[in-house]
Every structure is written in C-alpha cells, then in structure tokens.
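Here are my notes for a colleague who is opening this structure for the first time. Please keep the sequence and the structure side by side while reading.

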Amino acid sequence: MSMERMETETYDVAIIGGGAAGLSAALVLGRARRRVVVIDAGMPRNAPSAHMQGFISRDGTPPGDLLEAARAEVRHYGVEILEDRVVDAEAGFALRLAAGRAVTARRVLLATGAVDDLPDVSGARERWGRDFLHCPYCHGWEVRDQAIGVLATGPGSVQHAHLLRQWTDDVVLFTHTHPLTVEERATLDARGIAVVDGAVERLVVSEDRLRAIGLADGRTVPRDALFIRPALRAHADGPAAALGCELLADGLVRADADGRTSVPGVWAAGNAVNPRAQVITAAGEGSAVAIAINTELVQEDVDATMRRQAGAGVERALA
C-alpha cells in the first residue's frame, strides 16, 4: 500500500528510536509544546547489561527501569510513543511503519542507536554485558582487583588494556587477531600487563560465571572478566539510508557538531552518530539536538507568518 492511500498523522518531530537520546529529545520537545512521536523498535544497545553506571543520580539503575521512567515522563507532556519500526521513508519525511501506520513530520531525529560487532568466539554473545564487557567506565568498578583479560581486535586494544590497568594490577592482553608491534609490547611490559599470543576460541564458563579464556591451541588462561573494544555498526534496516542521509563506512550517520545530517530537516543523536556515547552522553546529545530542532522550527514558524502577512497585505492592496 502506498503512503498516499494510508491514513497518516502529522507531527512537528518524529523521533526514530526510544533510547536515552530519543527520549531525552522527546522530553525537551514535549515541554516546548511540540507535537512529537517516538517510534521505538525496542532494541537498546545496553539491554544485555544488568545495570548502567556513570549516570548521575541513576548510577546502578537497570537500563529498562530508566527507559520506563523516561517514557512516563515524556507521555506527561503529550509525547506519543509507538512500539513499532520504520520500514520505509519518503521525501517530505513520510514514514511507513511495520504495523501499517504512516506518519509525517516537519523534522526527523534519528536516535536509532547501533549494535556492537562481536567476535566469532564461542560464548561471546551469551556472556555479553555480563562478564564479557566493553566499557571500563561502565564496568571497571564492578570488576576492580579481579583478573581481567582484554581481547585484541584492532589498534585501540592496547590502549584499552592500559586503561583497564587503572582498575586492577592483573591484566592480560590476548593478541587474538591483532599482532602487536615491538613498541606496543614494550609499553605493556612496562606496566606489568601480560601478553598471551594466539587466537582465542572460547569463553570457559561454569556455574554461570566466566572462569577462563580458551585458546585455539588448547591452552586456558584463568580470567574473571574479558573486555573488548568493539566496533559499532548501524542497525541493518535503519531508516537513515532511506531518508538519503550520508553514512560512514560502518553505517553510522554522518552529522555535524549540532546533529544536522546531510539531509536538511533530518538530525541525529546518540550512538546513531557517536560510537563513544554512553547513556548519559546520549541523553545530553538528545537534549542539545532537541533545542536546535526547536530553534529551527521557531524560525520556520516566523518565516511562514511573515509570508502570510505579506500575502494578506498584497490582497488588501488589490481589493
């Protein structure tokens, strides 16, 4: 069914994604008395984590609890939340949803997040967010003074190992798919970070806890937690491409410092554009972008009013 024949509803802003960035933006825009819809497919990046850290006044809160509270807050200001997914988009910001509904909006905010690209290691997905971790600032305190491993997959992995040395003096770097340079080995040795060469094959788990890292050659190295600096990639069915936005190599959206994408009227915030955004960062970006969007809408409203008044003046002069 074409969008022209579907019943559509029009909003000031359609926010695609109901995570921290999207809901923070919705809160600001709802309080600014804009008509806002949040379209949320329900796939937050931090869903595997039991708790989120580093969010002032909410440190240790389960991610789902934060989102539930945020949804209640934005609904208080008249924001509509649709548990749905955008499956198509057309010029003029007409969005078709999986359930068959269509919405149009004056502006679109992409807060679609991203997914972590995990390595092909047995047990990795099952332990992700539990004792196979990514962010030292999110999880370092919880595994302080324990035996930590770092799985090297790229140039940033050595820096990740040095960073984790802040939380424990027992850090092992597994070279896995990233051969180390002589200089990298020297810096690791200087700080007492051990290096284990060879490909990692599996995570050894018993009694629902990580116990060791298993290598392809049969060796096992006892570890309590394993960290990785994962690559982020956009959701495969994201609407950014359909809207014509310029994308980076990993599918994330290219946007300027204010959140403007290459398509006028389409904005982006959070992990959809910033791979390093933590929950509190994404929320802040959503707030800042919402203010920028509302400012642009206000100017559009002023311009439209001036054109109407000018047109009315011409009509009176010709009467």
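Predicted model: local features only at pLDDT ≥ 70, side-chain atom pairs only at ≥ 80, totals over all residues.

1. Helix α2 covers residues 63-76, which is 14 residues.

2. Which residues of α2 are buried? They are P63, L66, L67, A70 and V74. These residues cover an arc of only 95° around the axis, and therefore sit on the same side of α2. As background, an α-helix has 3.6 residues a turn, so residues three or four places apart point the same way. The face turned away from the buried side carries E68 and H76, which are exposed. After the helix comes G78, with a positive phi near 85°.

3. The count of salt bridges comes to 19. In one of them the side chains of R107 and E296 meet, at 2.6 Å from N to O. R107 belongs to strand β6 (residues 102-110) and E296 to helix α7, so this pair ties together parts that are 189 residues apart in sequence. R107 is buried, at 8% relative accessibility, while E296 is partly exposed, at 25%.

4. The R107 and E296 pair should be read in its setting. Salt bridges link D12, R34, R106, R107, E296, E300 and D301 in a network.

5. Two further salt bridges deserve a look. D217 pairs with R219, their closest N and O atoms being 2.8 Å apart; D217 is exposed at 51% relative accessibility, and R219 is partly exposed at 38%. E246 and R254 meet through their side chains at 3.0 Å, N to O. Here E246 has a relative accessible area of 39% and is partly exposed, and R254, at 42%, is partly exposed too.

6. A nonpolar patch on the surface is formed by V298, V302 and M306, which together have about 260 Å² of accessible area. M306 is located in helix α7 (residues 279-318). With a relative accessible area of 52%, M306 is exposed, because the cut-off for that class is over 50%.

Technical notes:
Residues numbered from 1 in each chain as written. Heavy atoms only, no water. Helix = DSSP H or I, 4+ residues; strand = E, 2+ residues; numbered from the N terminus. Expected span 1.5 Å × (residues − 1). Buried < 20%, exposed > 50% of the residue type's maximum accessible area, 1.4 Å probe, protein only. Arc of directions from axis to C-beta. Patch = residues over 30% accessible without salt bridge, like charges linked within 9 Å, V, L, I, M, F, W, Y side chains within 5 Å. Areas by Shrake-Rupley, 256 points an atom, 1.4 Å probe, with all protein chains shown as cover. Salt bridge = Lys/Arg side-chain N within 4 Å of Asp/Glu carboxyl O.
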